[in-house]
Amino acid sequence: MSFSQSLTINDDIDAAAPEQQGELVLCRHCDLLQWLPPLQEGEQAHCQRCDHQLDVRQVQPILRPVLYAASALFMLLLANLFPFISMGVAGNRSEMHFFDTSAVLFTEYHQSLAILVWLFIQAVPAFCMAAVIYLKLGMLYRLPARIWVARVLFMLKPWSMVDIFLMGLLISFVKLVANADISLGLSFWAFCIFCLLHLRTFQVIDRHEMWSRLALAPKVPVTAEAGKTGLSQQLKLCPCCTAIVPLAQQHCPRCHTRVYPRVQASLQKTLALLVTAAVLYIPANLLPIMRTVSFGNVTDSTIISGFLLMWQDGEYPVALVILLASVVVPIAKILIMFWLCYLVLAPVAVRSKLTTRIYLLVDWVGRWSMVDVLVVAILAALVRFGLLMSVYPGVGALVFAAVVIITMLAAISFDPRLLWDQPARTGEQV
């Protein structure tokens, strides 16, 4: 049952008792105050105005996430214990462990890039899985620091990139399989299972439901009226735990986060980050992202030259993936985010539900541009044959990683509720 279906009987809901109506919630994307009806297992509720998912009832909401997360951590441990991939060239063999992806970069004087890769594919995913276990068990045993762990979990969730790393592995295989003998170790299959379990863990978790079990939400004022925006009723939404907070109150009573009516200086921050990303994108394409040594000859590769090489070799699907992830997506994200910033100042009639959906799509797809950086890290760790054949990361890899991170921060700093505000109020809040 979707919430849009329940709103077709809005008059009956308004006449019902409060316990039958459910609870009042504020949409985090359009700021509409509305009733969240009681949900059964497997049902979800969506905002009647922007169609954003407000809540979902999972089957066995404590047991399933704990089992998935614990299994994922076990698979991550196995992924670090055994050989990951081995490669043979002209009678020589190189073996790579999962940890080598960042360790080799660190020893090759690319410490900044090594730390980023380690955080994205090891530290952040492991913390997220451990945090899920801690929070779910904390609901039963009242473990300490649950609120802090939950805050950090949802803050780090977008930066867990194990799925992107798996895509990078597939691209790397296509690049190497024609000239080398590739063997997959036990850790590779353990990592594939870890990636699936990691994604599934987040699928069976809902932020609203989790916070409602961790701590009691503050009471909504009796004067609050569904169908109106929260800001028009002196109410604001906690971006961390989704609680409704009075406008005059500075901190959320449930998670102690400082709450603002809108993201402070949202447009200014977003535009500044977008301009920075656009400027850095130029050297990211001009500087070499990878340096290949083959029989003593050194070849520098940029993002575009890598695409052209794969296209000339007939690897059209992989070439298109590189083109989309490293060229089309970053440029499109920057342009679309500029367009969304413009729409905030445009008349309300120009905006629509589609703009919110575009923002959500751009926010999700932008992180996949990191695949080219991870491909470089994989090749640098695997292709280690001295003057016969070796791969080293170029300075362009670090610059391009900065572009991806900055565009992700731009999407985070943009407040989609501004797309639904009236022009007069928008001028006050941005």
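Modeller: Domain bounds here come from an automatic or database domain assignment. The model is predicted, so local features need pLDDT of at least 70 and side-chain atom pairs count only at pLDDT 80 or more, while totals for chains, interfaces and linings use all residues. Residues are numbered from 1 along each chain as its sequence is written, and side-chain values use heavy atoms, without hydrogens and water.

Biologist: Which domains does the assignment give?

Modeller: Domain 1 is 23–57 + 218–246, domain 2 is 61–215 and domain 3 is 264–419. The C-alpha centres of domain 1 and domain 3 are 34 Å apart.

Biologist: How many residues of domain 1 and domain 3 are in contact?

Modeller: Contact means heavy atoms within 4.5 Å. Nine residues of domain 1 touch seven of domain 3.

Biologist: What area do domain 1 and domain 3 bury between them?

Modeller: Buried area is the accessible area (1.4 Å probe) that two parts lose on being put together, summed over both. Here that comes to about 640 Å², with 55% on carbon and sulfur atoms. On the domain 1 side, His 29, Cys 50 and Asp 51 lose the most area to domain 3, together 59% of what that side buries.

Biologist: Which side chains meet in a salt bridge?

Modeller: A salt bridge puts a side-chain nitrogen of Lys or Arg within 4 Å of a carboxyl oxygen of Asp or Glu. Between domain 1 and domain 3 the count is one. Arg 357 and Asp 51 form a salt bridge at 3.2 Å, N to O.
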